[in-house]
Amino acid sequence: MRNLYILFLIPIIFLTFHIKESQAQTGEELVNICNRIATKDGAKYLKDFTVKLNAAPAGEDAPRDKNSFMLRKNTQYRFSVCSSKDYDGRAIVKVYDSSKLLASNYVVATGKIHRSFDIKCQKTGAYHVFVEFEDGKEGLAVIVLSFVEKF
Amino acid sequence: MKHKFILFLTFAILVLPACKKTNNSGNADNMEVPDSVVNKGALEVSDQAIENMTQNISSPIETAALIKKLDVPFSHDLIASTENVDYYNTNFKQAVVLGIYGADLGYLNMYGKTSAAIDFLTSIKKLSNKLKIGQFFDFRTLKRLASNNENVDSLIYISQRNFNQMYRYLRENNRSNISVLMVAGVWIEGLYITGQVYEMNPNEELREAIGEQKIMISDLMILLRNYEKNADFAKLIEDYEEIYDLFKEVKITYEQGEPERIEEDGRLIIKQNTKSIVNISDEVLEKIIKKSRETRNKLISD
């Protein structure tokens with residue numbers, strides 16, 4: 001009887017973990033979702049990167065990830081930000097031209113975190129892109145850079 | 001006893017398949033990397049920096065988009081011939097030409113020339129297989145998309161992403177030398193096409209697009225010089241150095257301005273008001289176009 005009970009329990013435990021695992025969003029799925037959102041009005045995918053950061057230890061600044069993108073003059077680009085639903089953190093992206101903040105999906109005045117933002121670039125060069133998660137929470141996000149148009 | 005057996009069997013059926021590790025990279029783990037292509041020795045630039053620069057330099061989409069925006073019709077004469085694909089016997093040549101074909105594929109895709117793109121995809125498959133990175137190209141999907149003109153955006157997404165994944169894999173496997181060569185190929189082909197289009201349709205935007213390559217080539221030279229001890233690289237560096245010297249005559253100045261934030265149809269748009277201004281003389285421009293043509297033609301000759 002005891003063995004029958006275990007026999008019944010093992011598949012339940014296994015299936016519970018298996019279902020949870022298969023429902024977790026992978027970085028790959030996020031890239032595909034994010035690209036669909038980014039390019040639905042004809043924008044063209046250029047590159048992506050995935051950021052996974054742990055929660056900030058108490059009293060410390062939120063950890064952040066740094067990347068660099070080359071943007072060209074007279075070009076409109078789109079930064080699409082997709083945060084994984086498996087984590088609490090929502091990604092905040094900041095684009096710097098040298099040491100000067102150029103753009104972000106977080107608008108301080110309204111407190112709103114946008115899912116994407118466009119940059120109408122007028123200066124060819126390398127731009128630094130910093131990513132952190134709101135309130136230093138743990139998070140996983142994909143950032144897709146796409147080309148909107150030449151103007 | 002019977003229950004124990006059933007218990008064991010249930011466990012085996014449910015748990016053992018879960019032990020199989022998923023590998024999205026196809027047969028990457030079984031790949032044999034020839035010694036000749038493995039990057040050896042201390043590098044001046046970190047592999048992460050190489051990957052960043054690599055992906056930043058290599059964007060054939062934007063060059064093609066500019067040409068298309070100027071209403072310049074597609075020209076088959078501008079792209080490389082794939083006839084020689086079987087004669088590229090060294091990893092060095094295969095990697096450079098793979099980059100050149102990648103840039104041409106971007107040009108074809110932007111113009112929706114999907115039947116010609118199929119020919120390029122076949123050649124790209126051959127070269128990437130020779131370089132043992134073919135597993136990153138989803139050729140079946142790409143060919144299916146190329147056969148259907150309505151899916152050009154997906155074709156661009158998958159092909160561009162496959163190239164990016166390849167660059168990442170090469171870095172992670174200590175083969176950044178191959179990705180650097182690919183980028184050198186993408187870059188020279190982009191410059192060549194822009195130069196040829198400029199000669200046929202002189203235009204201020206194309207002129208500026210050529211001049212601003214000064215920024216890209218300075219990064220590219222850092223990448224190439226990393227491998228200058230290799231004889232093939234040394235020859236390539238010599239040619240690119242000549243182009244780089246010409247670009248030193250190009251002046252880029254900046255006009256400062258504050259960014260503006262606007263909302264259009266609910267979309268957040270940031271308009272940059274700092275501008276870069278490119279100054280390039282006719283003489284330098286002509287020399288750059290000539291030298292890039294010579295270098296590119298030399299690279300695609302077998």
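This is a short tour of the structure above, stop by stop.

Before you start, note that the model is predicted: local features need pLDDT of at least 70, side-chain atom pairs count only at pLDDT 80 or more, and totals for chains, interfaces and linings use all residues. Residues are numbered from 1 along each chain as its sequence is written, while chains are lettered from A and ligands numbered from 1 in the order in which they are written.

**Stop 1: the sheet.** Select E1, E10, E3 and E8 of chain A, then E3 and E2 of chain B; these 6 strands form an open sheet in the order E1(A)-E10(A)-E3(A)-E8(A)-E3(B)-E2(B), with mixed pairing. Strands (E, at least two residues) and helices (H or I, at least four) are DSSP runs numbered from the N terminus, and two strands pair if DSSP finds at least two bridges between them. At the edges, pairing on one side only, are E1(A), residues 44-53, and E2(B), residues 260-264. From one strand to the next the twist averages 25°.

Zoom in on E3(A) (75-83) and E10(A) (139-150), which are antiparallel over 9 bridges. Ser83(A) has Ala141(A) as its bridge partner in E10(A).

**Stop 2: the core.** Now show the largest nonpolar core, which has 119 residues; Ile143(A), Ala184(B) and Leu220(B) have the most contacts inside it. H8(B) gives the largest share, 14 residues. Such a core is a set of buried Ala, Val, Leu, Ile, Met, Phe, Trp, Tyr and Cys residues joined through C-beta atoms within 7 Å. A residue is buried if 20 or more other C-beta atoms lie within 10 Å of its own, exposed if 12 or fewer, and partly exposed in between, with C-beta atoms placed from the backbone.

Center on Leu220(B): leaving out residues up to four places away in sequence, Leu220(B) touches Ile57(B), Val183(B), Ala184(B), Trp187(B) and Tyr240(B). Contact here means C-beta atoms, placed from the backbone, within 7 Å.

**Stop 3: H9(B) and E4(B).** Select residues 204-211 of chain B, helix H9, whose buried residues are Leu206(B), Glu208(B), Ala209(B), Ile210(B) and Gly211(B). They pack against H3, H8, H10, E4 and H12 of chain B.

Move on to E4(B): Ser276(B) and Val278(B) make up its covered face, and Lys275(B), Ile277(B) and Asn279(B) the uncovered one. E4(B) runs antiparallel to E1(B) (251-255), joined by 5 bridges; there, Val278(B) is the bridge partner of Ile252(B).

**Last stop: a loop.** Find Gly59(A) in the loop between E1 and E2 of chain A. Gly59(A) is exposed because 5 other C-beta atoms lie within 10 Å.

How values were computed
Contact = placed C-beta atoms within 7 Å. Axes fitted to C-alpha atoms, helices over the stretch in contact; angles between N-to-C directions.
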